[in-house]
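Subject: Structure handover

Hello,

Here is the structure we talked about. Please open it alongside these notes.

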Amino acid sequence: MPNARRPALDARLGPVIALAIAVFAFLPIASWIPGGRDVPWYGSQLAVWLAATVLSIGFGALAAIASRYASWLWRDRLLDGVAARYDRNAWPIAIGLAVVAFALYAATASVFSRRPILIDEVVQLFHARIFLGGRLWLPASERPEFFSVLHVVDTGGKVYSQFPAGGPAALALGAAIGMPWIVNAFYGALAILAFVAFLRVAEPRPGVALGSALVFALAPFAVFMSGSHMNHVPLLLCLVAAMAALAGVTSSDTPRPWLALACGLALGLAATIRPVDALAFALPAGLWMLARALRDKRRWVDALPAAVGVIVPVVLLMWVNMRTTGAPFRFGYEVLWGKEHALGFHVAPWGIAHTPARGVELINLYFLRLQLYFLETPVPALIPFIAALALTRRFSALDRYLLASGGLIVGLYFAYWHDGFFLGPRFMYPLLPALALWTARALPLVRERIGRVELRGISAYRVLIFASVAAVVAGLVTRIPLRLSQYSHGLASMRWDVDSAATKDDVRHSLVLVRESWGAQLMSRLWALGVTRTQSELLYRHIDTCVLEVRVTSLEGGVTRGGAAYQVIAPLLRDSSKLRPSSFSPDTTERVLPDAVYPSKCEQRIDDDRAGTTLYALTLTGHEHDNVYARDLHERDQWLLDRYPGRSVYLLTPTVATGPWPKFFRVSRDSLERAWREGH
């Protein structure tokens with residue numbers, strides 16, 4: 001009986017899902033939520049979408065009319081011939097596509113200067129190099145204020161990144177050959193082959209399978225992400241490999257234990273990189289295999305190896321966690337930020353309250369951004385995806401698996417407080433297989449359902465084919481160059497290569513003092529007092545920076561630490577409602593009370609900020625020349641001079657001449673001590 005009802009249920013399911021996605025992808029819900037995120041670009045972007053859609057359809061209609069008189073513009077069986085050729089040579093074509101994509105992804109890494117330009121990338125590369133040194137962690141300094149970094153754990157005598165071990169381990173393969181920038185290009189190319197293997201089972205129409213592979217490989221969202229150092233790329237490889245193995249197991253009339261084991265291993269490896277994303281794909285797969293085993297005892301030969309496959313990498317991850325965080329299911333996130341970092345509706349680490357309304361706001365932003373970043377066309381990118389779902393009347397078991405996993409991804413990130421935006425809505429990156437598949441299905445479904453609809457002898461299908469070509473070409477001509485320019489020039493200060501600069505200036509076996517902003521110095525000193533990352537964020541954002549400086553200084557050198565130190569500082573929060581962004585300093589994160597009069601020490605710190613600052617995190621990727629890089633904390637640097645007595649001393653700071661990139665300036669120990677005596 002359930003099977004008899006399934007076509008009717010599927011016929012309703014597609015339009016319902018399509019409508020839900022369309023609501024989030026086209027409407028500025030975030031702006032309608034009281035206190036929600038404003039979407040200032042929505043109005044202008046909506047105008048672009050409407051104009052581009054009308055122009056694309058208009059071009060499609062004109063081209064369709066012209067094709068009636070110029071036969072070379074349209075050949076009815078051309079696409080069928082391409083599909084047939086792909087069906088006969090699927091794997092050679094897939095390998096060729098993977099090779100081309102690898103070259104494209106590797107070239108795209110140059111857009112980011114082949115450097116990690118987001119703090120997440122920097123910290124994971126730092127952790128990867130710890131692994132390459134044969135360690136799980138480095139010993140922590142007794143004076144962490146000189147060396148601490150936002151996403152780096154430096155408590156319990158150990159230093160490692162907050163991220164699960166699988167991401168840094170994936171980067172380590174590239175770092176081992178001195179080319180960490182190329183490893184994601186390789187993972188992205190392998191993911192194409194895994195996706196083709198999945199499509200060989202999931203999509204019987206060769207033309208749609210080819211289209212899906214092309215979208216998956218060449219969608220700008222995939223291209224730019226595969227040129228980065230982000231852990232979403234090896235994650236996607238693991239997820240798609242698991243999908244391909246799952247498709248092979250579930251489509252077979254006989255048990256395939258080795259393929260089931262591969263499915264489990266891939267999901268387990270995904271869990272070592274991004275556990276939440278892995279859960280979204282592992283839970284439906286596990287329930288599916290369990291249900292098959294309960295119906296047919298022979299299928300336990302599949303279910304058990306799959307379970308073992310998941311367990312092996314997860315146990316390895318638990319072992320790493322035990323050696324670093326001290327508990328098998330405790331990650332570095334929790335060590336740094338506490339329970340506030342977890343999924344759920346609560347006050348987030350940076351003080352914002354994550355509520356269901358805010359969850360809706362974030363999901364709305366993710367889908368609005370997918371419209372822009374997925375295909376980079378002036379026409380809304382999700383139109384084909386939504387239309388295909390609405391026109392689908394029968395979902396296969398693998399279709400339902402993709403929909404269930406995608407729904408779980410959206411649901412889990414609905415309950416997560418952070419806005420995951422970099423190179424697009426990166427938390428939605430695991431949706432790429434589903435997006436590619438249903439985008440490729442859109443035009444064939446139009447042909448099947450309404451393709452015979454004609455207006456004055458012109459078929460709707462032909463019009464949409466030409467309109468789609470127009471939209472893609474318009475994206476290549478207009479949006480892609482703009483995005484390349486944006487990515488090439490964005491986060492310019494993060495592109496500086498510390499090792500190359502040290503080589504150029506012959507800085508070796510030296511102590512390098514890195515001049516960070518006053519605010520960054522204060523944060524590191526709060527952490528050194530044992531104040532948690534979450535508490536430090538609260539104090540820094542809600543206390544006059546100079547007032548906080550005076551209170552922190554009074555605690556340094558004493559025995560008050562941890563929660564007690566926080567309690568000493570917390571009464572200063574009483575004036576938080578009066579604070580304003582500082583008008584004295586170029587650092588807009590600093591706060592000031594109205595009519596505040598700063599003593600000379602605070603004025604000096606502001607003058608330092610005006611002279612130029614850099615990010616200490618940039619030095620994490622340096623691993624040559626035996627240099628020691630430490631945060632410049634002025635008179636507190638005496639500890640560093642005593643700790644490294646035989647080294648030359650340099651100050652690392654940008655100047656007007658060097659722009660955002662810092663420069664090494666050699667300084668004498670005597671001049672430093674004289675400056676400290678004078679209050680500098």
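Helix α14 covers residues 300–324, 25 residues in total. From first C-alpha to last, α14 reaches 36 Å, close to the 36 Å expected at 1.5 Å a residue. Keep in mind that this is a predicted model. The buried residues of α14 include D302, A303, P305, A306 and G309. Further along, P313, L317, V320, N321 and T324 are also buried. Their cover includes strand β3 (158–161) and helices α11, α12 (257–273) and α13 (275–295). Just after α14, G326 takes a positive phi of about 95 degrees.

Next, the sheets. β3 belongs to an open, antiparallel sheet of three strands, in the order β1-β3-β2. The edge strands are β1 (138–139) and β2 (152–153), each pairing on one side only. Two bridges join β2 to β3. Within that pairing, V152 stands opposite S161. Helix α6 (residues 119–132) packs on this sheet and touches β1, β2 and β3. The direction of α6 makes about 125 degrees with that of β3.

The other open sheet has four strands, ordered β9-β6-β10-β11, and its pairing is mixed. β9 (628–631) and β11 (662–667) stand at the edges with a single partner strand each, so one side of each has no neighbour in the sheet. From one strand to the next, the twist averages 30 degrees. β6 (residues 510–514) runs parallel to β9, and four bridges join them. V512 stands opposite Y629 in β9. Helix α28 (residues 669–677) lies across β6, β10 (648–654) and β11, at about 95 degrees to β11.

Now the cores. The largest nonpolar core has 158 residues. Which of them touch the most other members? They are F198, F216, F374, L382, M428, W438 and F664. Helix α11 (residues 232–250) gives this core its largest share, 14 residues. Leaving out residues up to four places away in sequence, L382 touches A25, F367, L370, Q371, F374 and L435. A second, separate core holds 24 residues, among them L522, C546, V552 and L555.

Last, the charged pairs. The structure holds 31 salt bridges.

- R37 and E361 meet at 3.4 Å, N to O. R37 sits in the loop between α2 (29–32) and α3 (42–67), while E361 is in helix α16 (residues 356–373), 324 residues apart. R37 is partly exposed at 28% relative accessibility. E361 is at 6%, so it counts as buried.
- R441 pairs with E203, the closest N and O atoms being 2.8 Å apart. This pair spans 238 residues, from helix α19 to the loop between α8 (183–202) and α9 (206–218). Both R441 and E203 are buried. R441 itself has 5% relative accessibility. Beyond its sequence neighbours within four places, R441 is in contact with A202, E203, R205, V208, A388 and D399.
- R541 pairs with E537, again with closest N and O atoms 2.8 Å apart. Both lie in helix α23 (residues 533–542), four residues apart, about one turn of the helix. An α-helix has 3.6 residues a turn, so residues three or four places apart point the same way. R541 is partly exposed at 35%, whereas E537 is buried at 9%.

There is also a network: salt bridges with shared partners join R525, E549, E556, K601, E635 and R636.

Best wishes

Definitions and conventions:
Residues are numbered from 1 along each chain as its sequence is written. This is a predicted model: local features need pLDDT of at least 70, side-chain atom pairs count only at pLDDT 80 or more; totals for chains, interfaces and linings use all residues. Side-chain values use heavy atoms; hydrogens and water are left out. Buried means under 20% relative accessible area, exposed over 50%, partly exposed in between (1.4 Å probe, protein chains only). Contact means heavy atoms within 4.5 Å. A nonpolar core is a set of buried Ala, Val, Leu, Ile, Met, Phe, Trp, Tyr and Cys residues joined through side-chain atoms within 4.5 Å. Two strands pair if DSSP finds at least two bridges between them. Axes are lines fitted to C-alpha atoms, for helices over the stretch in contact, and angles run from 0 to 180 degrees between N-to-C directions. The expected span of a helix is 1.5 Å times one less than its number of residues. A salt bridge is a side-chain nitrogen of Lys or Arg within 4 Å of a carboxyl oxygen of Asp or Glu.
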